[in-house]
Amino acid sequence: MAVKIDKKIKGYSVLTPEDKAREAAAAILVASVPRETVEKEVPQDNIIQMHERIERPEVLIGSTYKIKSPLVEHAMYVTINDIVLNAGTEHELRRPFEIFVNSKSMEHFQWIVALTRIMSAVFRKGGDVTFLVDEMKAVFDPRGGYFKAGGVYMPSLVAELGAIVEEHMKSIGLIHDPEMSAHQRAILAEKRKQYEDRAKKNSDVTETVTVAPAAPAQGAAEDIAVTGDGASFPPSATLCHKCNTKALVIMDGCATCLNCGYSKCG
């Protein structure tokens, strides 16, 4: 039987007896498997993600953090409660659900209540809530910031609250810190050792002087004191703009951070 072709031929293939046999075998296989069996074998997506329709359980897991700022008379206690999704499965997730701030200081009560309610609503909304950290840490107090334990600079009270939220999100696996490579850690350890050796050498030289000068000479010895969080930095260290920690010292004529390894000379 002749077939009239009205369109231009762009390609063709020859159907062999082997191709016909494969098509027939596939049709028989599909017809022999019941539909119910196929639907049971298809994996179902039962992973629960955070969304605003999830109801609050009777009991939540929480952590409380303390803020002692020179901007307020009394300490502030920040409580972040988490909800556990897909409990007991390989897809178990722990996500922040609500946040509260309690303190004896009442001068900030109004904006703290408003802020925590908005943050709790964002937590329950789901999705990527880590943007709150960057937004809060970028808030600056017009009266000036302060240094918390460890020599870390906080530009405002809201920024420290954001730092606490960041710390909590890291603890539950919502934020992951970029880890230093072994090479970077080795360089940082070498820099710290060089500074400590130089300080020790200057200390030995100072002890041999019988009459102490009225004012400390430039390059004199300086004790390396523990400033908090287990980190030891010189008291005269300045603020590092990269990690916001008072760990920037002058080594070989170059500003070097003993906390994150930043160097002005590259």
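Lys 137, Glu 166 and Lys 170 are linked in a network of salt bridges (a side-chain nitrogen of Lys or Arg within 4 Å of a carboxyl oxygen of Asp or Glu). The model is predicted: local features need pLDDT of at least 70, side-chain atom pairs count only at pLDDT 80 or more, and totals for chains, interfaces and linings use all residues. Residues are numbered from 1 along each chain as its sequence is written, and side-chain values use heavy atoms, with hydrogens and water left out.

Glu 166 is buried at 18% relative accessible area, while Lys 170 is partly exposed at 30% (buried is under 20%, exposed over 50%, partly exposed in between; 1.4 Å probe, protein chains only).

## Other salt bridges

The structure holds 6 salt bridges. In one of them, Glu 52 pairs with Lys 125, with the closest N and O atoms 3.2 Å apart. Glu 52 is in the loop between α2 (35–41) and β1 (61–67) and Lys 125 is in helix α3 (residues 109–125), so the pair ties together parts 73 residues apart in sequence. Glu 52 is exposed, at 51% relative accessible area.

Arg 56 and Glu 98 form another salt bridge, at 2.9 Å from N to O. Arg 56 belongs to the loop between α2 and β1 and Glu 98 to strand β3 (residues 93–103), so this pair ties together parts 42 residues apart in sequence. Arg 56 is partly exposed at 43%, whereas Glu 98 is buried at 7%.

## A buried glutamate without a salt bridge

Glu 160 is found in helix α5 (residues 157–171). Glu 160 is buried yet has no salt bridge; Lys 148, the nearest side chain of opposite charge, is 4.1 Å away (Lys and Arg count as positive, Asp and Glu as negative; His and the chain ends are not counted). Beyond its neighbours within four places in sequence, Glu 160 is in contact with Ile 67, Ser 69, Tyr 146, Lys 148 and Met 154 (contact means heavy atoms within 4.5 Å).

## Chain totals

The protein chain has 6 helices and 10 strands (DSSP runs numbered from the N terminus: helices are H or I, at least four residues; strands are E, at least two). Of its 266 residues, 29% count as buried. Among contacts between residues at least 6 apart in sequence, 48% join residues at least 24 apart.
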